[in-house]
Amino acid sequence: MADPAYPPHLSSQETPMEIMTSILRNCLYPLKQLVVPDSQIYWLYLLSSLLITLLLYLLHLAKTEEKKSFLEYCFPKEVYLHHSAILDLQNYLPMALIKGFLIVPIATVISATAIANVVSRFLSYLAGVTSLFPVTEPQFWHHVAFSIFLILAIDFGYFYNHYLRHQSPLIWEFHKIHHTAQVLTPLTLYRHHPFDYVFQTVAVSMCSGVAIGLWTFLFGSQMQVLYLNGIPFLLFVFHLTGNFRHSHIWLAFPYWVSHIFISPAQHYIHHANESKYYDKNYGKIFAIWDWMFGTLYVPNSYEHLDLGLPGDEGKPFDSVANFYLQPFKAVLKNAKNRKPLYISVLDGDTTSPNQIQD
């Protein structure tokens with residue numbers, strides 16, 4: 001989900017000092033991720049992950065006779081010294097800078113607030129009233145209801161655009177990078193192509209903007225999202241275990257809970273390269289979307305999984321530079337190999353456009 005906080009957009013009226021300050025602020029974006037609550041690697045979420053890991057470690061010791069220190073359990077060499085993990089570490093700085101200089105400004109321009117204003121005004125114009133059921137003195141439960149409604153809309157936006165990033169051959173070439181990881185660490189979160197981030201940002205902003213606009217038209221603009229530590233409270237709760245989504249540590253929820261909320265173990269499964277796990281568990285916070293659309297997979301117990309892409313599909317992504325270049329190479333190669341329709345017609349090929357495969 002896009003970061004909401006971003007330095008003011010540069011304009012021709014800004015002084016050179018203000019421009020330099022904005023550039024410096026963007027350059028510090030990678031370090032800022034450790035101290036802002038809307039970042040997955042915020043220090044408090046990392047600390048909560050360590051505490052939960054300690055609890056899991058103690059439970060692990062109680063169930064087995066395996067002699068392993070907490071450091072070995074939490075940071076195994078076979079994971080954190082793996083070539084894939086080293087690539088994630090090398091990729092963090094350039095990707096964080098790209099997010100600061102490119103992705104967040106795009107999120108600022110395509111803001112949910114601007115979209116919400118357009119939606120609410122359009123609906124008001126059609127209905128001839130500003131709000132259908134205006135709430136002038138909202139109670140606490142109104143704010144709770146609005147907060148839940150909005151996070152559901154945002155999460156659906158994430159779910160659906162994640163589904164499209166897998167199903168569209170063109171977009172998949174840019175999302176594929178994230179699935180080349182052979183081991184998972186919290187920094188795998190940043191293993192994305194900038195275009196992949198842009199697509200996600202636009203989709204989530206659109207869904208949240210439409211949701212806010214619809215709510216404003218129905219009930220007015222008096223209700224506010226409930227915040228905890230500077231971010232929506234449900235998102236804060238999610239982040240407390242969010243780092244386990246990209247981790248070697250298996251953290252599963254009870255079976256019935258896993259039909260409502262996506263557990264880290266379910267997202268771990270999403271990264272598996274076995275055919276039975278393909279196209280499963282697209283959700284981020286809620287599992288209800290996967291449940292509704294038939295893409296939910298809930299494990300009954302721990303499953304040992306091989307991660308990454310099948311065969312040699314992930315080999316071209318052997319460096320950080322190729323993270324960014326390989327998708328363009330693949331798109332150009334596919335474009336060259338695709339037979340144009342006008343050539344088919346000239347050659348007497350009567351294949352209809354609807355029969356041409358992507």
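Mentor: Helix α3 (residues 43–63) and helix α11 (residues 233–242) pack with their axes 7 Å apart, at an angle of about 55 degrees. Helices here are DSSP runs of H or I with at least four residues, numbered from the N terminus; axes are lines fitted to C-alpha atoms over the stretch in contact, with angles from 0 to 180 degrees between N-to-C directions. The two helices are therefore oblique to each other, a word for angles other than those under 35 degrees (roughly parallel), over 145 (roughly antiparallel) or 65 to 115 (roughly perpendicular).

This is a predicted model, in which local features need pLDDT of at least 70, side-chain atom pairs count only at pLDDT 80 or more, and totals for chains, interfaces and linings use all residues. Residues are numbered from 1 along each chain as its sequence is written, and side-chain values use heavy atoms, without hydrogens and water.

From α3, the residues L44, Y45, S48, S49 and I52 meet F236, H239, L240 and T241 of α11, where contact means heavy atoms within 4.5 Å. By class, this contact comprises 5 nonpolar, 4 polar and no charged residues; Ala, Val, Leu, Ile, Met, Phe, Trp, Tyr, Cys and Pro count as nonpolar, Asp, Glu, Lys and Arg as charged, and the others, Gly among them, as polar.

Helix α3 also gives the most to the lining of the second largest pocket, with 4 residues. At least two lining residues each come from α3, α4 (70–74) and α5 (77–80). By class, that lining has 13 nonpolar, 5 polar and 5 charged residues.
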